[in-house]
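Student: Could you take me through the spot where the ligand sits, and the residues around it?

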Amino acid sequence: MIKIILAQPRGFCAGVIRAIEIVDQALDRVGAPVYVRHEIVHNRHVVDTLKAKGAVFVEELSEVPSGEVTVFSAHGVARTVQEEAEQRGLPVVDATCPLVNKVHAQGRRYLSHGRTLILIGHAGHPEIEGTLGQIDGPVHLVGSAEQVASLDIPADTPVAFITQTTLSVDDTRSVIAALRQKFTDVIGPDTSDICYATQNRQAAVRDLCKKSDLILVVGSPNSSNSNRLREIGLEEGLPSYLIADGSEIDPVWFEGINTVGLTAGASAPEELVQSVITAIRALGPVTVEQLAGVEEKIAFRLPPTLRHLKARNAAHNNLDNKTAASKEADSLSNDTEQEA
Ligand code: SF4
């Protein structure tokens, strides 16, 4: 008998729910296609589901035809992307998570106070590219305590740091400690810029590790927060795997295992967690229980631009109706003329 213990909380966060809802509602209001710049959230299943409804995913705005509704992903975008959309007159709905926007605002504030800004995060991640591109001024990116040592900035420079929202809480603490060691005047939000969902999921997987022999994390390989969850399992000395869904489990993993800890990254839907339970059940009898944990009640408001889409669509339809009515009138009058 294999015991499966589910982490609580796991899976979708408020930013992901909002981003998916934005694409869904945009499709409802204007119809397909709706263009989405970058994967709306880092999960293949979510992307494929939205594709089937008519969303078209692109990496660059140049791939969006003129006039088409365009959604920016939850990770945020650089100002140059916003400006390009404005110049082209694209109707944009921004699904950037409000917690990512908060980091942008914080970075600008620190710079305006004359501080040298350090961004703790992973180079190349879309959130980092967006954050670097949202702050006018030099930003020093560091991904580890070692990289802090190689920062070429005098020790008495007043510095401030901001962080990527989906980092490992522990790694970030060690980078902040390195900053405090290197510089005499450091301010920053401690680890609180690592969002509530990331912190809760990491704490929950640590609890899960205490009771499990094996950790499974449901999430996509490019999901930063899902990778961090798997790393925590490994740090705790447990075999830990990141899997897209139940089809990726390997029966070999379960040999000699009594208890499986199961969690999901912030962009992974619950149905994929259930598909893993089903797949394990196919190997033999299982029991399923859930750890007691934080109950999240955070929800983010949808952007008002969605309402404007509706207005645009209504105006568009009105125009279409008027055009159709005038064509009908023209055709009636033509018919009459022909008859005469
Ligand atoms: S993980 Fe946090 S920052 Fe990222 S989308 Fe979810 S709520 Fe927003």
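Tutor: The ligand takes up the space of the largest cavity. A cavity here is a set of points on a 1 Å grid over the protein atoms alone where a 1.4 Å probe fits but cannot get out, and its lining residues have an atom within 4 Å of a point; a molecule sits in it if more than half of its atoms lie within 2 Å of its grid points. Mind that this is a predicted model, with local features needing pLDDT of at least 70, side-chain atom pairs pLDDT 80 or more, and totals for chains, interfaces and linings using all residues. Residues are numbered from 1 along each chain as its sequence is written, and side-chain values use heavy atoms, leaving out hydrogens and water.

Around the ligand you'll find Cys-13, Gly-15, Cys-97, Leu-99, Thr-165, Cys-195 and Tyr-196, each with a heavy atom within 4 Å of it. That shell has five nonpolar residues, two polar and no charged; Cys and Tyr count as nonpolar, Gly as polar.

An unreviewed UniProt entry annotates Cys-13, Cys-97 and Cys-195 as "binding site", though such annotations may be inferred rather than shown by experiment. They span 183 residues in sequence, yet no two of their C-alpha atoms are more than 10.3 Å apart, so they gather at one spot. Cys-13, Cys-97 and Cys-195 also belong to the lining of the largest cavity.

Cys-97, in the loop between strand 5 and helix 4, is buried at 12% relative accessibility, where buried means under 20% with a 1.4 Å probe, protein chains only. Beyond four places in sequence, Cys-97 contacts (heavy atoms within 4.5 Å) Gly-15, Arg-18, Ala-74 and Phe-300.

Conventions. 1 Å grid on protein atoms, 1.4 Å probe; cavity = no way out; pocket = protein on both sides within 12 Å on 5 of 7 lines; lining within 4 Å. Helix = DSSP H or I, 4+ residues; strand = E, 2+ residues; numbered from the N terminus. Buried < 20%, exposed > 50% of the residue type's maximum accessible area, 1.4 Å probe, protein only.
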